[in-house]
Amino acid sequence: MKAETSWQTLRAGASACRVSVIIKALNEERHIVATVKSALRAVAAVGGEVVLADSCSTDHTVELARPYPIRIVQLAHASERCCGAGPQLGYQHSRGEFIYILDGDMQMARGFLERALAFLIGHPDIAGVGGRVVEQNMHSLEYLARGERQSAHLSPGSVDRLDGGGLYRRSAIEAAGYFSDRNLHSYEEFDLAVRLRALGWQLWRLPVDAAYHFGHDAPPYDLLMRRWRSRYVCGLGELVRAAAGQPRLPLVVKGLRELRLYLAVLAWWAVLLSMPFWPVSGAVSLGLFCALAATPFLLMAWRKRSATKAVYSVVSWCFNAAGLVRGLLRVRRPAHEPISSRIVKEPIGLPSQPAQGLAP
């Protein structure tokens with residue numbers, strides 16, 4: 001079989017730096033040890049390295065990761081923290097022929113890296129391959145909502161993005177210009193996907209587990225406030241601004257259903273704000289205002305069969321709609337510009353087999 005031949009070729013070159021697993025982290029002391037161990041186990045089977053890209057954590061993330069044979073790099077300026085800066089920081093310090101991106105609250109599934117490499121070697125038109133991201137946090141309203149969406153890009157086969165991490169060819173990334181846009185506070189994986197697809201590359205998702213995601217146990221509305229403060233909700237606006245005037249803009253507009261949703265929310269706000277100026281009596285205006293203001297909540301309550309989920313959905317839309325505007329107005333830095341960083345630790349050597357202390 002073609003995949004078997006490819007795997008033999010892969011094993012023959014396993015002693016080289018075949019894969020760089022980049023772990024992007026910010027204050028992940030709760031999960032970082034398990035994440036690092038899972039990444040080291042994965043690269044031990046194929047030849048590679050692990051790079052921890054830390055965004056100036058203020059907890060014990062770096063100290064807990066330091067004993068392991070990995071490269072640790074850190075942003076020089078905490079003010080540059082964002083979802084796009086982390087992967088690009090790690091990429092700048094990586095050497096692998098293939099790049100895997102992993103969040104600091106994830107663990108790699110055993111055997112996925114071998115299958116993903118064999119698939120990429122056997123399919124030279126594929127730029128990146130992912131698998132199933134198995135959600136472990138089933139209590140948060142945010143993660144429950146994600147699971148209910150059943151997005152097409154999470155199904156096996158050809159996909160338009162690899163949200164949740166994936167294995168990419170370095171040659172494809174170099175052709176696309178950079179790994180992730182340092183300006184983006186979210187949507188960095190979708191941005192990479194549209195830049196690759198605009199060049200004719202394809203992306204693929206395998207029907208196997210790739211990683212386990214543990215997430216953060218935070219009350220849903222606290223999570224929304226945290227995302228506002230960290231500018232996470234600005235990512236969509238930043239993405240649209242980055243793509244404006246570029247050939248990839250149609251791919252961005254077509255691929256993001258939520259963009260149309262948040263624009264509709266902005267239109268809803270505009271109508272509500274304009275109602276006091278309508279040429280109708282005060283009582284009629286108030287009645288229309290209340291009816292229109294309540295409509296999205298009632299529709300979502302009917303759809304989700306839950307008032308709690310309905311209120312959270314609409315409030316989340318409002319946060320993201322405001323973030324869209326905020327992101328569109330944000331000044332950009334050149335995405336190709338190197339990120340200022342420092343090397344905290346260089347590995348003495350990477351084991352060819354799982355090292356002591358890597359067992360679960």
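## Before we start

A residue is called buried when its relative accessible area is under 20%, exposed when that value is over 50%, and partly exposed in between (1.4 Å probe, protein chains only). Helices (H or I, at least four residues) and strands (E, at least two) are DSSP runs, numbered from the N terminus.

This is a predicted model, in which local features need pLDDT of at least 70 and side-chain atom pairs count only at pLDDT 80 or more, while totals for chains, interfaces and linings use all residues. Residues are numbered from 1 along each chain as its sequence is written, and side-chain values use heavy atoms, leaving out hydrogens and water.

## A helix on the inside

Let's begin with helix α4 (residues 85-92). Seven of its eight residues are buried, so α4 is largely enclosed by the rest of the structure. The buried ones are Ala85, Gly86, Pro87, Gln88, Leu89, Gly90 and Tyr91. What covers them includes the strands β1 (19-25), β2 (48-54), β3 (71-75), β4 (98-103) and β10 (341-345), along with helix α7 (170-176).

## The whole chain

The protein chain has 14 helices and ten strands. Of its 360 residues, 49% count as buried. Contact means heavy atoms within 4.5 Å. Among contacts with a separation of 6 or more, 80% are between residues 24 or more positions apart.

## An enclosed space

Here a cavity is a set of points, on a 1 Å grid over the protein atoms alone, where a 1.4 Å probe fits but cannot get out; its lining residues have an atom within 4 Å of a point. A volume is the space filled by probe spheres set on the points, which are joined across faces, edges and corners.

The whole structure holds three cavities of 30 Å³ or more.

## Around helix α12

Which residues does Leu266 touch, not counting those up to four places away in sequence? They are Ala321, Leu324 and Val325. Leu266 lies in helix α12 and, with a relative accessible area of 22%, is partly exposed. Leu266 and Cys318 are 52 residues apart in sequence, yet 8.2 Å apart in space, C-alpha to C-alpha.

Trp278 sits in the loop between α12 (257-274) and α13 (282-304). Its relative accessibility is 35%, so Trp278 counts as partly exposed.

Definitions and conventions
1 Å grid on protein atoms, 1.4 Å probe; cavity = no way out; pocket = protein on both sides within 12 Å on 5 of 7 lines; lining within 4 Å.
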